[in-house]
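Hello,

Here is the structure I promised to pass on to you. Have a look at it first, and my notes follow below.

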Amino acid sequence: MQLAVQLINNHSDGWFDSTRQVKLELRIEDSQCSMSGGEDAVMRLNEWAINSSAAGSSLDGLVGALCSEASKGAARFGNTIFVPQLSYWSTSVDLSDTDEY
């Protein structure tokens with residue numbers, strides 16, 4: 001994931017050079033593989049984005065969590081602040097409930 005962020009942010013290599021206004025930042029939080037841990041991790045990320053020294057910083061998306069319970073907590077809080085989540089490893093059928101998540 002770090003490599004992808006570096007490639008997108010390098011605007012002189014011919015890869016994504018036309019997206020100069022985009023700068024991705026990789027932030028990692030421990031969700032403790034629990035629903036409350038996932039929710040807390042997203043809250044910390046959101047607070048970081050709000051308090052970031054970079055002008056115009058925002059939390060625009062989430063990648064993770066690894067386990068379903070943490071993804072449920074992250075999705076619940078992420079939904080309240082309108083931040084989409086891509087969970088690459090979570091498999092719970094519950095996460096398909098669009099009314100809940």
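This is a predicted model: local features need pLDDT of at least 70, side-chain atom pairs count only at pLDDT 80 or more; totals for chains, interfaces and linings use all residues.

Of the chain's 101 residues, 30% count as buried. Among contacts with a separation of 6 or more, 39% are between residues 24 or more positions apart.

Let me begin with the inside. The largest nonpolar core has eight residues: Val42, Leu45, Ala49, Leu59, Leu62, Ala74, Phe77 and Val83. In soluble globular proteins, nonpolar side chains tend to be buried together. Phe77 also touches Glu39, Val42, Met43 and Asn46, leaving out residues up to four places away in sequence.

You will find Ser31 in the loop between helix H1 (2-9) and helix H2 (35-51). With a relative accessibility of 14%, Ser31 counts as buried, because the cut-off is under 20%. Beyond its neighbours within four places in sequence, Ser31 is in contact with Gly37, Gly38, Ala41, Ala65 and Ala70.

Next, the charged pairs. The whole structure holds four salt bridges. One of them joins the side chains of Glu29 and Arg44, at 2.6 Å from N to O. Glu29 sits in the loop between H1 and H2 while Arg44 belongs to helix H2, so this pair ties together parts that are 15 residues apart in sequence. Glu29 is partly exposed, at 29% relative accessible area, and Arg44 is partly exposed as well, at 35%.

Glu69, Lys72 and Asp94 are linked in a network of salt bridges. Lys72 meets Glu69 at 3.0 Å (N to O); both lie in helix H3, three residues apart, or about one turn of the helix. Lys72 also meets Asp94, at 3.0 Å (N to O). Asp94 lies in the segment after S2 and Lys72 in helix H3, so that bridge ties together parts that are 22 residues apart in sequence. Which of these residues is buried? Lys72 is, at 7% relative accessibility, whereas Glu69 is partly exposed at 35% and Asp94 is partly exposed at 43%.

Finally, the surface. The chain exposes about 6,900 Å², of which carbon and sulfur atoms supply 53%. Met1, Val63, Leu66, Leu86, Tyr88 and Trp89 form a nonpolar patch there, with about 720 Å² of accessible area together. Of these, Tyr88 is found in the segment after strand S2 (85-86).

Enjoy exploring!

Methods
Residues are numbered from 1 along each chain as its sequence is written. Side-chain values use heavy atoms; hydrogens and water are left out. Helices (H or I, at least four residues) and strands (E, at least two) are DSSP runs, numbered from the N terminus. Buried means under 20% relative accessible area, exposed over 50%, partly exposed in between (1.4 Å probe, protein chains only). Contact means heavy atoms within 4.5 Å. A nonpolar core is a set of buried Ala, Val, Leu, Ile, Met, Phe, Trp, Tyr and Cys residues joined through side-chain atoms within 4.5 Å. Accessible areas come from the Shrake-Rupley method with a 1.4 Å probe; for residues, only the protein chains shown count as cover. Patches are made of residues with over 30% relative accessible area and no salt bridge: like charges are joined within 9 Å, nonpolar side chains (Val, Leu, Ile, Met, Phe, Trp, Tyr) within 5 Å.
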